Amino acid sequence: MIHLKPARILAIETSCDETAAAVLENGRALIASTVASQMDVHARYGGVFPEVASRQHVLSILPVVEQTLAKAHMTIQDMDAIAATRGPGLAGSLVVGLNAAKGLALGAGLPLIGVNHLEGHIYSAWVHEACDSPDPEPAFPLMALLVSGGHTELNLMNSHLDYQRLGATLDDAAGEAFDKVARLLGLSYPGGPSVQEAAEQGNPHAFKFPRAWLEGSWDFSFSGLKTAVLREVKQSENVGRPIPVTDMAASFQAAVVDVLFNKTMMAAREFKVKEIIVGGGVSANGALRRAFLGQKEFKVNIPPLQYCTDNAAMVAAAGYFRFVNGQQDDLDIDVLPTWPLS
Ligand code: KG4
Ligand code: ZN
């Protein structure tokens, strides 16, 4: 049982291609948040170029921290702890944020807390703008669907910081499937938002794409779906017909949403949870949000769009619960690029 106490956390997130910092109070109230996206830099490569990402983080990290503290009208002395993403993610990117956090912690004499990025995505459900009155906190037990660019997992949480991984993807993550299908359809990077935009103009029933239900398990699989899209693209090319991009995007998105939504609902019923959390970049998807928010069986916590994709507010929230649970890391910790949540 965690004893909640007041605490103000400065958090840093640099696991992939966003340099982010945030100040959060008491695990929920967001005072300031900054996200410097490198999207434009990576767009020309059609994906994240790891070495370029690390070097962009080096350029941005201290300005982003300074801007965040300035927006909060605070200094580092006003903080109780410094949290930073320790993994999973790109090693060269993680190193920049974690080392910046170590320097700040050492300089200010504050505790350092290494946070799991996936835990951050789940704890984005606790974040609210400090100026807004908060919704009630997510209630345990709850089912957490984590859908990002690198991960797709269903976790049962019976209490804070406690994860029972029920299933995960056997191949591509949901976000990765969006990114790969965007490439097949000639849509721009990042794939998720561009597939969604194309899908809004298309017919989700135009193509009967496969759904891998993997009955009897809580795992997921998206590679067969991606192959089915590839097959249709090739067929269009072979007969010299333009690729029906919008219908294919809509049918692909419908297949992904169908499986993610229905398997999560089945798991929520089976484990008799009180609420559902959906987190990670793919939780920004409009069709997925409509599916979850359109049902009345379970209360669903999905973060506002700006806290679905990578940000530091979520790292601060997870960092707070770690902090009040007694976690304090040594200043010689390394990054953990493949760190599992459980
Ligand atoms: O959580 P995130 O920002 O980074 C990781 O931790 O991986 O997730 C990024 C992923 C990418 O694969 C991106 O294409 C996907 O989230 N994504 C979306 C949408 N916005 C971002 N996928 C579907 N629809 C969206 N609107
Ligand atoms: Zn992420």
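Two strands pair if DSSP finds at least two bridges between them. Helices (H or I, at least four residues) and strands (E, at least two) are DSSP runs, numbered from the N terminus. With that in hand, start the tour.

This is a predicted model, in which local features need pLDDT of at least 70 and side-chain atom pairs count only at pLDDT 80 or more, while totals for chains, interfaces and linings use all residues. Residues are numbered from 1 along each chain as its sequence is written, chains are lettered from A and ligands numbered from 1 in the order in which they are written, and side-chain values use heavy atoms, with hydrogens and water left out.

**Stop 1**

Select residues 18-25 and 29-37. These are strands β2 and β3, paired in the antiparallel sense over 8 bridges. Pick Val23 and look across to β3: its bridge partner there is Ala32.

Now widen the selection. β2 and β3 belong to an open sheet of 6 strands, in the order β5-β4-β1-β2-β3-β6, with mixed pairing. At the edges are β5 (112-116) and β6 (128-129), each pairing on one side only. Strands of a sheet pair through backbone hydrogen bonds, either parallel or antiparallel.

**Stop 1: helices across that sheet**

Contact here means heavy atoms within 4.5 Å. Axes are lines fitted to C-alpha atoms, for helices over the stretch in contact, and angles run from 0 to 180 degrees between N-to-C directions.

Next, select residues 313-324, helix α10. This helix lies across β1, β2, β3, β4 (81-87) and β5, at about 130 degrees to β1.

**Stop 2: α2 against α3**

Show residues 50-72 (α2) with residues 91-108 (α3). The two helices pack at an angle of about 30 degrees, with their axes 8 Å apart. α2 is therefore roughly parallel to α3. The cut-offs: angles under 35 degrees count as roughly parallel, over 145 as roughly antiparallel, 65 to 115 as roughly perpendicular and the rest as oblique.

The crossing of α2 and α3 is right-handed. A crossing is right-handed if the near helix is turned clockwise from the far one by less than a right angle, and left-handed if anticlockwise.

Display the side chains. From α2, Ala53, Ser54, His57, Val58, Ile61 and Val65 meet Gly92, Ser93, Val96, Ala100 and Leu104 of α3. By class, this contact has 7 nonpolar, 4 polar and no charged residues. Ala, Val, Leu, Ile, Met, Phe, Trp, Tyr, Cys and Pro count as nonpolar, Asp, Glu, Lys and Arg as charged, and the others, Gly among them, as polar.

**Stop 4**

Move to residues 142-147, strand β7.

β7 and β8 pair in the antiparallel sense over 6 bridges. They form a hairpin with 4 residues between them. Leu142 stands opposite Met157 in β8.

β7 and β10 pair in the parallel sense over 5 bridges. Here Leu142 stands opposite Glu275, and Met143 has Ile276 as its bridge partner.

**Stop 5**

Continue from β8 to β9. These two pair in the antiparallel sense over 4 bridges, with Arg165 in β9 as the bridge partner of Asn155. Their hairpin has 6 residues between the strands, and Leu161 in the turn has a positive phi of about 65 degrees.

**Stop 3: α7 against α8**

Finish with residues 223-238 (α7) and 245-270 (α8). They pack at an angle of about 165 degrees, with axes 11 Å apart. α7 is therefore roughly antiparallel to α8. This crossing is right-handed. Leu225, Val229, Glu232 and Val233 in α7 meet Met248, Phe252, Ala255 and Val256 in α8. The contact has 7 nonpolar, no polar and 1 charged residues.
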